[in-house]
Amino acid sequence: MTTTTLRSPATVAARRGGLFAGGLFAWLRGVAARHESRQALARMDDRLLADIGVSRAQALYEASKPFWRT
């Protein structure tokens with residue numbers, strides 16, 4: 001008879017060297033990317049915003065969001 005042990009993905013990741021550390025760094029990379037994108041959007045002039053189909057009000061709204069909001 002064969003015994004199969006099922007492990008959750010979290011258990012497997014934790015045994016491989018750190019679910020928390022990997023998750024934390026991924027979250028920080030996402031936060032940094034969102035911040036950079038929002039700041040770039042805020043610096044765009046009206047011509048560039050029109051090219052991507054975003055109004056000045058929409059750009060300012062997006063740029064004003066806190067880093068933890070997607």
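This is a predicted model: local features need pLDDT of at least 70, side-chain atom pairs count only at pLDDT 80 or more; totals for chains, interfaces and linings use all residues.

Colleague: Now the fold. How many helices and strands does the protein have?

Modeller: There are four helices and zero strands. If you walk along the sequence, the pattern reads α-α-α-α.

Colleague: What share of the contacts join residues at least 24 apart?

Modeller: Here you start from contacts between residues at least 6 apart in sequence, and 45% of those join residues at least 24 apart.

Colleague: Let's get to charges. What's the general idea behind a salt bridge?

Modeller: Side chains of opposite charge can pair when their charged atoms come close. In this model, the count comes to three salt bridges.

Colleague: Which residue does Arg 38 meet in a salt bridge?

Modeller: Its partner is Glu 62, with 3.2 Å from N to O. Arg 38 sits in helix α2 (residues 19-43) and Glu 62 in helix α4, so this pair ties together parts that are 24 residues apart in sequence.

Colleague: Are those two residues buried or exposed?

Modeller: Take them one by one. Arg 38 has 5% relative accessibility, so it counts as buried. Glu 62 has 25%, so it counts as partly exposed. The cut-off you need is that buried means under 20%.

Colleague: What else does Glu 62 pair with?

Modeller: The side chain of Glu 62 also meets that of Lys 65 in a salt bridge, at 3.1 Å from N to O. Lys 65 counts as buried because its relative accessibility is 15%.

Colleague: Which residue forms a salt bridge with Asp 46?

Modeller: That's Arg 56, and the closest N and O atoms of the pair are 3.1 Å apart. This pair links distant parts of the chain, with Arg 56 in helix α4 and Asp 46 in helix α3 (residues 46-52), 10 residues apart. Asp 46 is exposed, with a relative accessible area of 51%, while Arg 56, at 29% relative accessibility, counts as partly exposed.

Colleague: One more. How do I compare distance in sequence with distance in space?

Modeller: Pick two residues and look up both values. Gln 58 and Ala 42 are 16 residues apart in sequence, and their C-alpha atoms are 9.7 Å apart in space. Gln 58 lies in helix α4, and this residue is partly exposed, with a relative accessible area of 45%.

Colleague: Thanks, now I know where to look.

Methods:
Residues are numbered from 1 along each chain as its sequence is written. Side-chain values use heavy atoms; hydrogens and water are left out. Helices (H or I, at least four residues) and strands (E, at least two) are DSSP runs, numbered from the N terminus. Contact means heavy atoms within 4.5 Å. A salt bridge is a side-chain nitrogen of Lys or Arg within 4 Å of a carboxyl oxygen of Asp or Glu. Buried means under 20% relative accessible area, exposed over 50%, partly exposed in between (1.4 Å probe, protein chains only).
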